[in-house]
Amino acid sequence: MDVKHATLCCLLLVVMLHANQIVAEDSCSYDFLSIPFCKSWMCKTQCWIESQVITSNTLKEYKCVKGGFNGWCRCLFCKK
């Protein structure tokens with residue numbers, strides 16, 4: 001295997017691996033939930049309940065976007 005052929009194979013491998021990540025990101029979506037007095041543990045619990053009971057998706061991440069009485073929790077759900 002010459003140098004040009006090895007370089008081409010490596011570049012092709014990188015492109016294929018990058019394409020798989022793009023496809024995985026497309027199967028995920030954010031959802032915003034209204035939670036009074038949003039705290040991290042409340043956000044995690046609410047997102048987990050929605051992922052297990054309502055949508056049957058996997059919970060990737062969660063974060064309180066806005067605190068206070070009308071708080072917002074951002075959840076990232078990905079298809080199983």
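Modeller: What follows starts with the basis of the model, turns to the disulfides, and ends with the other contacts.

The model is predicted, so local features are taken only where pLDDT is at least 70 and side-chain atom pairs only at pLDDT 80 or more, whereas totals for chains, interfaces and linings use all residues. Residues are numbered from 1 along each chain as its sequence is written, and side-chain values rest on heavy atoms, with hydrogens and water left out.

On confidence, pLDDT being the predictor's confidence in each residue on a scale from 0 to 100, the chain averages 79, and 70% of the residues score at least 70. The lowest confidence falls in helix α1 (residues 3–26), with a mean of 55, while β3 has the highest, at 93. Where pLDDT is low, the predicted coordinates should not be read in detail.

As for the fold, the chain has two helices and three strands, these being DSSP runs numbered from the N terminus, with helices of type H or I and at least four residues, and strands of type E and at least two. Read from the N terminus, the order of elements is α-β-α-β-β. Of the 80 residues in the chain, 18% are buried, where buried means under 20% relative accessible area, exposed means over 50%, and partly exposed lies in between, with a 1.4 Å probe and protein chains only.

Now to the cross-links themselves. A disulfide is a covalent bond between the sulfur atoms of two cysteines, and here the term is applied to a pair of cysteine sulfur atoms within 2.5 Å. The structure holds four of them, and, with bonded cysteines counted along the chain, their pairing pattern is 1-8, 2-5, 3-6, 4-7.

One of the four joins C38 to C64, with 2.1 Å between the sulfur atoms. The torsion about the S-S bond of this pair is about -85°, so the disulfide is left-handed. The link reaches across distant parts of the chain, from C38 in the loop between β1 (28–35) and α2 (40–55) to C64 in strand β2 (residues 58–66), 26 residues apart.

Because C43 belongs to helix α2 and C73 to strand β3 (residues 71–78), the pair ties together parts that are 30 residues apart in sequence. Both C43 and C73 are buried.

C47 and C75 are likewise joined by a disulfide, with an S to S distance of 1.7 Å, and at -65° about the S-S bond the link is left-handed. C47 lies in helix α2 and C75 in strand β3, so this pair ties together parts that are 28 residues apart in sequence. C47 is buried at 0% relative accessibility, and C75 is buried with a relative accessible area of 0%.

A search of the whole structure finds one salt bridge, that is, a side-chain nitrogen of Lys or Arg within 4 Å of a carboxyl oxygen of Asp or Glu. The partners are E61 and R74, with the closest N and O atoms 3.8 Å apart. As E61 sits in strand β2 and R74 in strand β3, the contact ties together parts that are 13 residues apart in sequence. E61 is partly exposed at 32% relative accessibility, and R74 is partly exposed at 24%.

The structure also holds one aromatic pair, where rings of Phe, Tyr and Trp (its six-membered ring) pair if their centres lie within 6.5 Å, and planes under 30 degrees apart count as stacked, over 60 as edge-to-face and the rest as tilted. The ring centres of F37 and F69 are 5.6 Å apart and the planes stand at 75°, so the pair is edge-to-face. F37 lies in the loop between β1 and α2 and F69 in the loop between β2 and β3, so the pair ties together parts that are 32 residues apart in sequence. F69 counts as exposed, at 59% relative accessibility.
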